[in-house]
Amino acid sequence: MIDKLREANWGTIKTREQDAISKKHLPKIKSFFRMQRDVYLKQFDSLKDLFPESSRATRTAYYFRLIEQEGRANLNDFNRAWAVTENETTATLQSVVLAVETDAMEQGGDIASKFFDADIGGTFNLDNPRAVNWFSQFGGSTDYIKGIQTTSKNQIKTIVTKALDEGWSYNKTATQIKEKFTDFTHPRAQLIATHESAQAYEAGNRIFVEGIADLGVIVIKMWMTSMDDKVTPECAANMADGWIALNESHTSGHQNPPRFPGCRCYEIFKEKGRNY
Ligand SMILES: [Zn+2]
């Protein structure tokens, strides 16, 4: 019973702290997408003359270019505009993501220490070699950042392809692009904030716990879900494993949550054989 209370307590504290971290960073991630929208639209602006417009002068100029086969905007123009945008925004995106992770890992390490008796020892800070290693592997990783950029690119590309096929005006296309950014900003920023804080928070927990395992403490762990009807069967199966050894994988093959972006699970730890 005391164990169960302690587990519920872990859940409340971890969920609350992770929420606070993702809430704190959400506006920064949103403003990143707004900044990126502006950078892209500025690039896109240079393609203005390649779109049919309603004003007679520009329309005439446009048809002249068509006759001369010099062109209309095409996907290569779009790709170039996006490449410049991606190049100009990648460093900012990386630093926004790193800021979430740094905060979350620090708090994750700190909170893990509170769930063991003080006499057990152990410390956590970001200079810990395991933390340094985690950041070099996952922290704002190139693949992850690239993935975010590619998702944006594909969303915009869908609009541009349609605009080219249907002969939209520059203004209509630019408006649609703006709307697309507005639509995806909140849900994507939310997902990035939640997932990155969960990952780094769990890593912080884990790094502290591995530190005390180094001191000879035998630590066991358990996967906890939110225990509602939104929990996936795979996460539920991990929880059904019960307490397992620190280095054992859960049924899904994961060492610890989150299992996927949007996974709300968390890991709890305790010294083997000790009840709270
Ligand atoms: Zn889960």
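1. Is the crossing of helix 3 and helix 5 left-handed or right-handed? The crossing of these two helices is right-handed, where a crossing is called left-handed if the near helix is turned anticlockwise from the far one by less than a right angle, and right-handed if clockwise. The model under discussion is predicted, so that local features need pLDDT of at least 70 and side-chain atom pairs count only at pLDDT 80 or more, whereas totals for chains, interfaces and linings use all residues. Residues are numbered from 1 along each chain as its sequence is written.

2. The contact behind that crossing is made by F78, W82, E86, T90, L93, Q94 and V97 of helix 3 together with I145, I148, Q149, K153, I156, K157 and V160 of helix 5, two residues being in contact if their C-beta atoms, placed from the backbone, lie within 7 Å. By class, the residues of this contact divide into eight nonpolar, three polar and three charged; here Ala, Val, Leu, Ile, Met, Phe, Trp, Tyr, Cys and Pro count as nonpolar, Asp, Glu, Lys and Arg as charged, and the others, Gly among them, as polar. Helix 3 (residues 75–114) and helix 5 (residues 142–166) pack at an angle of about 145 degrees, and their axes are 10 Å apart. Axes are lines fitted to C-alpha atoms, for helices over the stretch in contact, and angles run from 0 to 180 degrees between N-to-C directions.

3. For the overall plan, the protein chain has seven helices and three strands, and along the sequence these follow the pattern α-α-α-α-α-α-β-α-β-β. Helices (H or I, at least four residues) and strands (E, at least two) are DSSP runs, numbered from the N terminus.

4. The three strands form an open sheet in the order 2-1-3, with antiparallel pairing, and strand 2 and strand 3 are the edge strands, each of which pairs on one side only. Strands are said to pair if DSSP finds at least two bridges between them. Strand 1 (residues 219–224) is joined to strand 3 (residues 266–271) by six bridges, and E271 in strand 3 is the bridge partner of V219. With strand 2 (residues 244–245), strand 1 pairs over two bridges, and K221 has I244 as its bridge partner there. Helix 6 lies across strand 1 and strand 3, running at about 15 degrees to strand 3.

5. Of the 276 residues in the protein chain, 30% count as buried, meaning that 20 or more other C-beta atoms lie within 10 Å of the residue's own, while a residue is exposed if 12 or fewer do and partly exposed in between. A nonpolar core is a set of buried Ala, Val, Leu, Ile, Met, Phe, Trp, Tyr and Cys residues joined through C-beta atoms within 7 Å. The largest such core has 37 residues, of which I29, A104, M105, I192, I207, F208 and C265 touch the most other members. Helix 6 (170–214) is among the elements that each supply at least two residues of this core, and its twelve residues are the largest share.

6. Two alanines of interest follow. A104 touches Q18, I21, E196, S197, A200, Y201 and G204, not counting residues up to four places away in sequence. A99, placed in helix 3, counts as partly exposed because it has 17 C-beta neighbours inside 10 Å.
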